[in-house]
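Hi there,

Please have a look and tell me what you think.

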Amino acid sequence: MLKVLLLILHILSVMLAFGASASIGFWAGRAHAEPAHLGFMLRSLQKLDRFLIDPGYGLGGITGIALVQVSGVPWTVLWVEAGMLLWVIALGLTHGLLRPTMRRQIAALEAGGPTSAEYLAVARKSQGIGLSLSLIAIAIVVLMVWKPI
């Protein structure tokens, strides 16, 4: 019963986080089409990351660890090791690069506007980090569903 509850919590938390993070490109595109709303959108994405995406992926990782423990799957299985490594890399990118870059992006927007060279450079960096995180999340989902040995 514990395994089933953990699995349900694991799937729901990852679905919530993955779905929210997958929508970021849509919202960014909408805001860039209407620059008057760009600051609001960036601050909203920060909140979305802090209160939905990050907790969802965090809970997904914690429940994933618990599932490995209760299921008896060896920690040395490729999909477990690779999934855990990618999860740690994603956490590092999120906290070490994405969050500071988003803060700089908002500051550059407020200082120079959406067409300033500084804003455009930081926005490109933020977009690249976000794309990298999306690819990592997709790779983790593929590993967890496919479970190659």
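**The end of helix 5 and what else turned up**

K147 sits in the segment that follows helix 5 (117-146); helices here are DSSP runs of H or I with at least four residues, strands are runs of E with at least two, and both are numbered from the N terminus. Although K147 is not a glycine, its phi is positive, at about 50°. K147 counts as partly exposed because its relative accessible area is 39%; buried means under 20%, exposed over 50%, and partly exposed lies in between (1.4 Å probe, protein chains only).

Before going further, a word on the source: this is a predicted model, in which local features need pLDDT of at least 70, side-chain atom pairs count only at pLDDT 80 or more, and totals for chains, interfaces and linings use all residues. Residues are numbered from 1 along each chain as its sequence is written, and side-chain values use heavy atoms, with hydrogens and water left out.

**Salt bridges**

How many salt bridges are there by this rule? The count comes to four, taking a salt bridge as a side-chain nitrogen of Lys or Arg within 4 Å of a carboxyl oxygen of Asp or Glu.

I would start with R99. Its side chain meets that of D49 in a salt bridge (3.0 Å, N to O). This pair links distant parts of the chain, with D49 in helix 3 and R99 in helix 4, 50 residues apart. D49 counts as buried because its relative accessibility is 9%, and R99 is buried as well, at 15%.

R99 also forms a salt bridge with D54, where the closest N and O atoms are 3.0 Å apart. D54 lies in helix 3 and R99 in helix 4, so this pair ties together parts that are 45 residues apart in sequence. Both D54 and R99 are buried.

Another of the salt bridges joins the side chains of E34 and R30 (3.6 Å, N to O). E34 counts as partly exposed, at 35% relative accessibility, and R30 is partly exposed with a relative accessible area of 43%.

**Surface patches**

Two patches may interest you. Patches are made of residues with over 30% relative accessible area and no salt bridge, joining like charges within 9 Å and nonpolar side chains (Val, Leu, Ile, Met, Phe, Trp, Tyr) within 5 Å. The areas come from the Shrake-Rupley method with a 1.4 Å probe, and for residues only the protein chains shown count as cover.

V4, L7, I8, I11, L12 and M15 make a nonpolar surface patch of about 550 Å². M15 has its place in helix 1 (residues 2-22) and counts as exposed, at 54% relative accessibility.

K47, R50, R103, R104 and K125 form a positive patch. Helix 3 (38-71) and helix 4 (78-112) are the elements that give two or more residues to this positive patch. Lys and Arg count as positive and Asp and Glu as negative, without His or the chain ends, and a charge is placed at NZ of Lys, CZ of Arg, CG of Asp or CD of Glu. R104 is in helix 4 and counts as partly exposed, at 39% relative accessibility.

**A buried alanine**

Leaving aside neighbours within four places in sequence, A17 is in contact (heavy atoms within 4.5 Å) with L52, I53, G56 and Y57.

Best wishes
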